[in-house]
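Here are some friendly notes to read alongside the structure. Please keep the viewer open as you go through the numbered points.

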Amino acid sequence: MTRMRKIAAALLASSAVLLAIPPTASATSVPQGTLVRESFDRLPLGPVTAGRGWTTDTANGSLTVEPSTTGHGRELRLRTEGNGRAFLVLSDLDRAPAGNSFWARLRLRVDRFPTAPDWAHWTIAEASGSDTPTLVRPLGGQYAPTSQANFWGVGSDLGPTGDWTAWQTSAPATAGTWNCVEFHLDATDNRVTVYQDGVERPELTVSTKDHGGTADDFVFPRFDKLKLGWQLYQSGPTPSSYDVRMDDVALSTRRVGGCAA
């Protein structure tokens, strides 16, 4: 009888542990320093307005979980019309990033980039804080009619340095291909560093004194929100709609990696 009681107690303890695990939690270990990790594989197919630790922000746009175009798992599809927006929103970052600094990684494919109007500007990542209106845009870019092409560039708006996107012709934005992109927001020098497919792109780096705005210092807000998705700001763009695929999102106090070929 004593042995049976011990077995029953062990089974009850195991059941309690299983019940304590959220249904969307991963069975694999999470690297130390990880703040957010989302592969979309555990979400139901179809329109989505929220996930574990994130919400959405849309205007003339939508977010949908769909089967992966690579044939494995699921991914997030973001679609906008005109100059609409569709973002996955990570909030309450002020409770986690050490020293107001963090790393982000995501896999991304943009179906098409704008070809009109001239200087059409688009954003894929935007970090902000409630202490100041400054918007930091570590992933974005612009259509340059002088080159008839789109280029990646870090940018900002609503802060003392004004509205700017420091795009570089050495960083062309290629449509229809998957890229693994990373960025590091380092508050020690208000520095944004960008990596593509595991390789640092130093020409895209901006910092306190070296940026694309006015002569004022570029200074981070106290980050509490990060938006990932798509927004184009000019009305009547060509093409008239945009389709973006996103997967393997991760935020951490350390570099997540996993982008090298």
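Two strands are said to pair if DSSP finds at least two bridges between them, and strands (E, at least two residues) are themselves DSSP runs, numbered from the N terminus. This is a predicted model, in which local features need pLDDT of at least 70 and side-chain atom pairs count only at pLDDT 80 or more, while totals for chains, interfaces and linings use all residues. Residues are numbered from 1 along each chain as its sequence is written, and side-chain values use heavy atoms, with hydrogens and water left out.

1. Let's start with strand β9, residues 149-159. Nine of its 11 residues are buried (under 20% relative accessible area, with exposed being over 50% and partly exposed in between; 1.4 Å probe, protein chains only). The strand is therefore largely enclosed by the rest of the structure.

2. On one side, have a look at strand β8, residues 132-144, which runs antiparallel to β9 and is joined to it by seven bridges. Within this pairing, Asn-150 of β9 stands opposite Tyr-143. The hairpin of β8 and β9 has four residues between the strands, and Gln-148 in this hairpin takes a positive phi near 50°.

3. Strand β9 has another partner in β10, residues 162-172: six bridges join the two, and they run antiparallel. Phe-151 has Pro-172 in β10 as its bridge partner. Two residues lie between β9 and β10, which form a hairpin.

4. Now for the charged side chains. Counting a salt bridge as a side-chain nitrogen of Lys or Arg within 4 Å of a carboxyl oxygen of Asp or Glu, the model has 18 salt bridges. One of them joins Glu-66 and Arg-245, at 3.0 Å from N to O. Glu-66 lies in strand β4 (residues 54-67) and Arg-245 in strand β15 (residues 241-252), so this pair ties together parts that are 179 residues apart in sequence.

5. A network of salt bridges links Glu-66, Glu-75, Arg-77, Arg-79, Glu-81, Asp-243 and Arg-245.

6. Another salt bridge worth a look is that of Arg-201 with Glu-203, where the closest N and O atoms are 2.9 Å apart.

7. Finally, two serines. Ser-252 sits in strand β15 and, at 3% relative accessibility, counts as buried. A polar atom of the Ser-252 side chain lies 3.0 Å from the backbone nitrogen of Arg-254. Ser-207 is in the loop between β13 (199-200) and β14 (225-232), and its 8% relative accessibility means that Ser-207 counts as buried. Taking contact as heavy atoms within 4.5 Å, and leaving aside neighbours within four places in sequence, Ser-207 touches Asp-189, Asn-190, Arg-191 and Phe-218.

Note on methods. Polar contact = N/O pair within 3.5 Å; in protein donor to acceptor, adjacent residues only side chain to side chain.
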